[in-house]
Amino acid sequence: MKMLGRVIGRNATEIVFRYPYSKDVKIGEILVAEDEEKNALFFLRVVDLQYGQEASERWGLRTAGEMMMLDEMNQPYNMREKEHRLFKIGVCSPLGYIRDGKFRRPKAIPPHFSKVRRASRDDYGFLIKNAVDIGVGRLRSGETEVEVEVGLDGSLISHHIGIFATTGMGKSNLMRVFAASAMRHGKYGILIVDPHGEYYEGGSGTKGLKHHPMAENALVVYSPHRLSGPHNTLKISAYEITVNDIKDIFPFTDAQRDALYAISSRFGREWLVRLCDMESEELVEVFGRKIQDITFNVLKRRAERIMGSDIIHKDESVAVTDSVLNHLNEGKVVLVDTSGLYEYEELLVGVILARKILSRNKNAYRDRERFGRLPPLLITMEEAQRVLKGEGIFSQIAREGRKFKVGLCAITQQPKLIGEELLSQFNTFFILGLADEGDRNIIKSSAKQDLSKVEKEIQMLEAGEALITYPGAPFAIPARIYWYDDYIENLEGEKRAGAETDDGFY
Amino acid sequence: MDENTFGRAFDYIREVIERSRNFEGELEIELPDGSFGASFNERMFKKFDGCERARGAAIDGSSFKILSGHSFIVSGRRAGYVIADEKGITAKKIGDVEIDAIEKREMKDIFAGKYEEVMNRPPKKFPDSMDETIDAIRGLEEQVMARDAIDKLDEGDIVMMDGSLEGSEFLPDVIKKNCNRAMDMGVHLVGICKRSDLYTSKLPVLSWVKNRGDRIFSRQRWYYPLSKDKKIYIAKLHPFSKFSFRVDINPMEKEAEEILGKIAAFSNDVPYIGYPYPLAEIHRNVVITSEDGLYYRKALREMTPMNGFTMDDWDDIFFDYHEYLG
C-alpha cells in the first residue's frame, strides 16, 4: 500500500500525522501506522483534519491577503512549491494495534515518524476472525467500503440492540437487512412490530421482506388488513389482555389502577369483557360501593375503546399470540403489521406479545434442557422511546430479558428520551446519522465503546453509514449498511447458483 | 524621561520623513567599502517588462550563535542554493550545518584559513569581532556555493545572491572573482537585498525611491538606477507588489533591464509577490532557527558528563549574571 504520511506525535489518546497537500483523507477513515522495528500495526481512526504550512500563521494570513488583492485586480498568480510549503494534518484516535497476530487495546503508541497508510483488507484479518452471523453491511473507512462483512454475532441479540438515527438515515433499511440476514440462518426468532407497513411490501420503489427468496419458509406475517402475499389475520383475544398490559398504554390515577386490580382479581381472565359489559352502578354494587361510579365510568370508557378495536375479540379461542410465539421459537422472522391501527392498538399488540414472550421463556428457564433448545429472540419496537421509560414490560425486558434469551431492539430517532439507566442495558448500538447533540451525548455515555472521539464522525454520517458498537468489538466499527434491494438480489443470485449446481450434480 | 527627550528624538524623525518626501538632488551614499554619488531625480525612473521564462539559482546562508563563553563563541552555519525555473525548483544543494568554536585570539587565523582555501591567498582585511568573523565566513561559504551554482548553469541564466554584492568589506575580491567567472560563463550574477541600509544625510534612500516609483508607475514594474557605475538599482519586480528591493547587478554587465526582467519571472509567487521565490525557498532551507540552536546547545551540554566532566564545569564557563538577574 502507498504511504500516505508520517506520524508527527502527541499521545496515547491522540495521534497526529502529516500528509501531503494534494491528498485527501476523510473523517472516519481507518489508517494504519507501521512499526517496522517491532513488526506491529497501529490502527488509527481519523477524527479531525487540520491545515498545516511550513511557515508562521502570519505567512498564511498574508498569502491569503495577496490572493484576495490579486483576485480583486483580476490578476493571474500561482503558488509554487505547494507540496513543500503546504500540507495537511490528520488527527486520529488510536484504535489498537496488532502484534504477533493479536489485536490489542491502544496501550502503546507507534514510533516517531511512523509511516501512515490506508488499511488494506488483509490488515483487517482480526475483524474477519470475529464471528458475524448476522451480516448487515461492509466495513467502511471514511467513504470507502472495505471487503469485510460487518454485523454481529446472533448470540448478542438477547443483550438488546439500539438503532438510532434521524429520519431518512436508513433505520428501516437496516432493520430489513438485519431481518433478511437472520432469515438466512433460521437460528433466531425476530418479532417486528411494523406500525408504518414498510417491512412487508417495501415502499417508495424498494423491496420488502416478502421479496426475500426464503420468505416462504422463514417469514410469518400477521396483519389486520389484506396483504398482497400470504399472511395471517391479526387477532387478539380480550381474555389475553392483563391489567399490566393496558397500564403501559393508558395513563391511570392511583384510584383507577387500584380499581383495575380489584376488577382483575374478582373476574380473572374475563375482567376486561366484564368491565365492558357491566353497568357502572352494577360494578359499584359488586365491589361493595368501595369504588366510585366515576372511576368505573373512566375505566369502562377505556375498556370499551379496547374492545371496540377490530383486532380484539371476545372469543377466547380467536388469538394468534401462541402461534406468534411458536413461530419465533422455530427461528422465524414474525412480522406483525400494525399499520392503520390506532397507536394504542399498536402498542397493545406489542405489549401483549412482549409479555407473553418473556413469560413463556421465563417458564422455560426452569427446565434447562427445554430452555437450551430455545433460540435467542428479538422484539423490535419502532419509536421505542414511547415504551422505554419508567416501568412496563419493555423496561422489564431491557433489565432482565437477556437471562431469558429475550432481547429488545429499540429503534428510535430520539434516544435522549429513553432513560439512561435503560439505555445502558443495551449492549449493541447501530448508530446512524444523529443531528441532535443531546441524542449523541446520551449515546456516547451509554455505548460499550469509547465514542468520545467520534462525535464529528457521527455528525457527518450519511444515509446508510453507521457505527456499530458491541462488547467485544475491537472498536466502534464503521459500516456501510447493505442496500436491502441489493442484498436480496445477491441472495437470489446465491439461490440460483445453488440450484444450478444441484441440477448439474444430479 | 521628560518630554524633551522624546521631542529631540522625534525632531530627527520628522526631518527624515520630510526629506524622504521632498528631496531632489545629488547625495553621496555610504557603503561598507567606500561611497558613491547618487542623483535623486524623478525622471530617472523607468518601467520594464518581466520575462515569461527564466532559469537561475538562488544562494543564501544562515548563522546562529549557539553558545557564548565570552572569550569564545560556538556557532552554527549553513549555506546552500536551489536551481529553479519559472515553474518550480529543479535542483538543490544544501550544506550541512557547520559548528565551530571561535576564540578572540584565533579568529583572524580561522578566517584567513578559510579565505585561503577559496582564494589561495590571505585576505586583505580581517573582521574585528567574533560575530563579524562568523558572518564573514558565512559570506565566504555563500560565495563558494555561488561559484558552484554558476558552473551548473547555462548561458543567459541568473544567479541570485541573498544580499548586496557590495555588502562585505572582507570579501570584495571573492565577489569580484565570482563576477568574473559569471561573465565568462555568460551567467548573470545579482545580489538582492531583503533589507537595505543605504542611507545618507537623513535620507532613507529606499523609502524615497519606493514612494516616488509607486506614484509614477502605479501597478507597473519599475526600476531606479542608483548607481550606473556600480550597477546598484532599486526595483519593483511585480506590478502589484507592496515592496521594492535593492538589486546589485554584476558591475561588468552592460544591460540591466533584461536581467531585471529575468528576476521578475521568479517574482510572481503569491506568498512572496514581488520577491524572487527561489530566494524565499533557499532561505527556508538553510535557516538555522532558534529551535535548532537550542537543540545544538543541548546536544553539546549532554556531551559534558559523557566526557568525564560535571555540569558545574559547564555552568562555570557559560554562566552569565544577566540570566541570574532575570
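The model used throughout is predicted.

**Exercise 1. Describe how chain A is divided into domains and how domain 1 of chain A touches domain 2 of chain A.**

Step 1. Chain A has domain 1 at 3–119, domain 2 at 146–234 + 320–498, and domain 3 at 240–307.

Step 2. Between the C-alpha centres of domain 1 and domain 2 of chain A the distance is 39 Å.

Step 3. Contact involves 10 residues of domain 1 and eight residues of domain 2 of chain A.

Step 4. On the domain 1 side, β4 (40–53) and β5 (86–99) of chain A each give two or more residues.

Step 5. Sort that side of domain 1 by class: five residues are nonpolar, three polar and two charged.

**Exercise 2. Trace the open sheet of chain A and find its edges.**

Step 1. The sheet has 12 strands with mixed pairing. Their order is β9-β8-β23-β22-β21-β10-β20-β19-β11-β18-β14-β15.

Step 2. β9 (144–152) and β15 (232–233) of chain A each have a single partner strand, so one side of each is left without a neighbour in the sheet.

Step 3. Strands β11 (residues 189–194) and β19 (residues 377–381) of chain A run parallel, joined by four bridges.

Step 4. Pick one residue: A:Ile192 has A:Thr380 as its bridge partner in β19(A).

**Exercise 3. Find which residues touch the most other members of the largest nonpolar core.**

Step 1. This core holds 141 residues, and A:Val333 and A:Ile379 touch the most other members.

Step 2. Helix α12 (residues 343–365) of chain A supplies the largest share, nine residues.

Step 3. Follow A:Ile379. Beyond its neighbours within four places in sequence, A:Ile379 is in contact with A:Leu191, A:Ala354, A:Ile357, A:Ile397, A:Val406, A:Leu408 and A:Cys409.

Step 4. Another core, of 73 residues, lies apart from the largest one. Its members include B:Ala58, B:Leu206, B:Ala235 and B:Ile273.

**Exercise 4. Decide whether A:Leu272 is buried or exposed.**

Step 1. Locate the residue: A:Leu272 is in helix α8 (residues 271–277) of chain A.

Step 2. Count around it. A:Leu272 has 28 other C-beta atoms within 10 Å.

Step 3. Apply the cut-off: a residue is buried if 20 or more other C-beta atoms lie within 10 Å of its own. Therefore A:Leu272 is buried.

Step 4. List the contacts of A:Leu272, leaving aside neighbours within four places in sequence: A:Ala238, A:Ile241, A:Ala303, A:Ile306 and A:Met307.

**Exercise 5. Describe the contact between chain A and chain B.**

Step 1. Chain A gives 14 residues and chain B gives 11 residues.

Step 2. The chain A side has seven nonpolar, three polar and four charged residues.

Key. Residues numbered from 1 in each chain as written. Chains lettered and ligands numbered in written order. Predicted model: local features only at pLDDT ≥ 70, side-chain atom pairs only at ≥ 80, totals over all residues. Domains from an automatic or database assignment. Contact = placed C-beta atoms within 7 Å. Nonpolar A, V, L, I, M, F, W, Y, C, P; charged D, E, K, R; others polar. Core = buried A, V, L, I, M, F, W, Y, C linked by C-beta atoms within 7 Å. Buried ≥ 20, exposed ≤ 12 C-beta atoms within 10 Å, placed from the backbone. Pairing = 2+ DSSP bridges.
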